[in-house]
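Me: Can you walk me through this one? I'd like to go through the helices, the rings and the core.

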Amino acid sequence: MLRKRYFAVLFALMLLVLSACGNTDTKDTTAAKEKKTTPKPAPTEMILATTTSTQDSGLLDVLVPMFEKDNNVKVKTIAVGTGQALEMGTKGEADVLLVHAPAAEKAVVDAGDAMNYKRVMYNDFILVGPKDNPAGVSGDDIKAAFKKLADSKATFVSRGDDSGTHKKELGIWTAENIKPAGDWYVSTGQGMGQTLQVAAEKKGYVLTDRATWLAQEKNLDTLKIVVEGGNDLMNIYHVMQVNPEKHDKVNSKDAEKFVNFMIDSKTQDVIEEFGKKEYGQSLFFKYTE
């Protein structure tokens, strides 16, 4: 009789233990499922206003996904002329700016519309023209070349869009006291890639950044570089965030992250290497402060 009671108690204890284990397994499984199904926070959204050269060169196709992945941010890139990008900043229509017209940029920073102003990278401007080079321009003196183009009335194709490149072009004409006008001076009002295409079709001369030229060169078989290397042809890019104290609707948190991302050593190395494999040379060079 005692033996039967002993086995009954032992059996009951075993059932209790198994039941407890089952509950634990169920709880653990439920917790694991809940952990696996916990949704990732939706990415925040940030507007980047930038020049067409950074877009046309393909650089942003590399950098933006890096930034988005590391920061859970969805970047809306608006590639326009630098003048338009800066105007978006002054209106609070963008969160961060990546542009290349230092004098115009400084005015925006001084007005308090932008802050956290950092130098990011540089390349250079070049003068491209027809392969037969009817105006006979050459060397590294861009001012002398522009004067020769104006004197010979050689077809010149301008972006005409208040971009950094257009501002650079106008500065060169102004330095030589020349006001370009007439049938020989063609204004496209378009980005660098499209303007290069127009120059190729019209067999005209055009000022361009080197990065866009290298990225587009294979499609521009009527053109070649005719003037390059002068001190007046440096092309410096800066990044800045729109000032949240003046424009309270901007995404200042992610804008600050983007500025820091652009000057980070890892990003700078990516910038320096960009284009080397495909074009045999860097399209941009790191230039942090």
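**Helix α11 and the rest**

Reply: Starting with α11: at the start of this helix, the backbone nitrogen of K266 has a side-chain oxygen of D264 within 3.0 Å. Keep in mind that this is a predicted model.

Me: Which residues of α11 are buried?

Reply: T267, Q268, I271 and E272 are buried in α11, which spans residues 265–273. They cover an arc of only 140° around the axis, so they sit on the same side of α11.

Me: Why would residues three or four places apart point the same way?

Reply: An α-helix has 3.6 residues a turn, so residues at that spacing point the same way.

Me: Zooming out, how many helices and strands does the protein chain have?

Reply: Twelve helices and ten strands. The protein chain has 289 residues, and 45% of them are buried.

Me: What about contacts between residues 24 or more positions apart?

Reply: Counting contacts with a separation of 6 or more, 75% in the protein chain are between residues 24 or more positions apart.

Me: OK, rings. How many aromatic pairs are there?

Reply: The structure holds twelve. One of them is F67 with F258, where the ring centres are 5.1 Å apart and the planes are at 85°, so the pair is edge-to-face.

Me: Where do F67 and F258 lie?

Reply: F67 is in helix α3 (residues 59–71) and F258 is in helix α10 (residues 252–263), so the pair ties together parts that are 191 residues apart in sequence.

Me: Are F67 and F258 buried or exposed?

Reply: F67 and F258 are both buried.

Me: What about F156 and W173?

Reply: F156 and W173 form an edge-to-face pair, 5.4 Å centre to centre with 75° between the planes. F156 lies in strand β5 (residues 156–158) and W173 in helix α7 (residues 164–175), so this pair ties together parts 17 residues apart in sequence. F156 counts as buried at 0% relative accessibility, and W173 counts as buried at 1%.

Me: Which residues do ring pairs link into a cluster?

Reply: F146, F156, W173, W184 and Y185 are linked into a cluster by ring pairs.

Me: Now the largest nonpolar core. Which residues touch the most other members?

Reply: L48, F258, M262 and F284 do, in a core of 40 residues. Helix α3 gives the most to this core, with six residues.

Me: What is M262 in contact with, leaving aside neighbours within four places in sequence?

Reply: With that exclusion, M262 is in contact with L63, L98, V120, V239, T267, Q268 and I271. T267, Q268 and I271 are among the buried residues of α11.

Me: And the second core, what does it include?

Reply: The second core is separate and has 21 residues, including I142, F156, Y205 and V227.

Me: Last topic, T82. Where does it lie?

Reply: T82 lies in helix α4 (residues 82–90). T82 is buried, with a relative accessible area of 0%.

Me: What is T82 in contact with, again leaving aside neighbours within four places in sequence?

Reply: T82 is in contact with T51, V99, H100, A101, D162, S163 and G164, leaving those neighbours aside.

Note on methods: Residues are numbered from 1 along each chain as its sequence is written. This is a predicted model: local features need pLDDT of at least 70, side-chain atom pairs count only at pLDDT 80 or more; totals for chains, interfaces and linings use all residues. Side-chain values use heavy atoms; hydrogens and water are left out. Rings of Phe, Tyr and Trp (its six-membered ring) pair if their centres lie within 6.5 Å; planes under 30 degrees apart count as stacked, over 60 as edge-to-face and the rest as tilted. Helices (H or I, at least four residues) and strands (E, at least two) are DSSP runs, numbered from the N terminus. Buried means under 20% relative accessible area, exposed over 50%, partly exposed in between (1.4 Å probe, protein chains only). Contact means heavy atoms within 4.5 Å. The arc is that of the directions from the helix axis to the C-beta atoms. A polar contact is a pair of N or O atoms within 3.5 Å; within protein, one must be able to donate a hydrogen and the other to accept it, and residues adjacent in sequence count only if both atoms are side-chain atoms. A nonpolar core is a set of buried Ala, Val, Leu, Ile, Met, Phe, Trp, Tyr and Cys residues joined through side-chain atoms within 4.5 Å.
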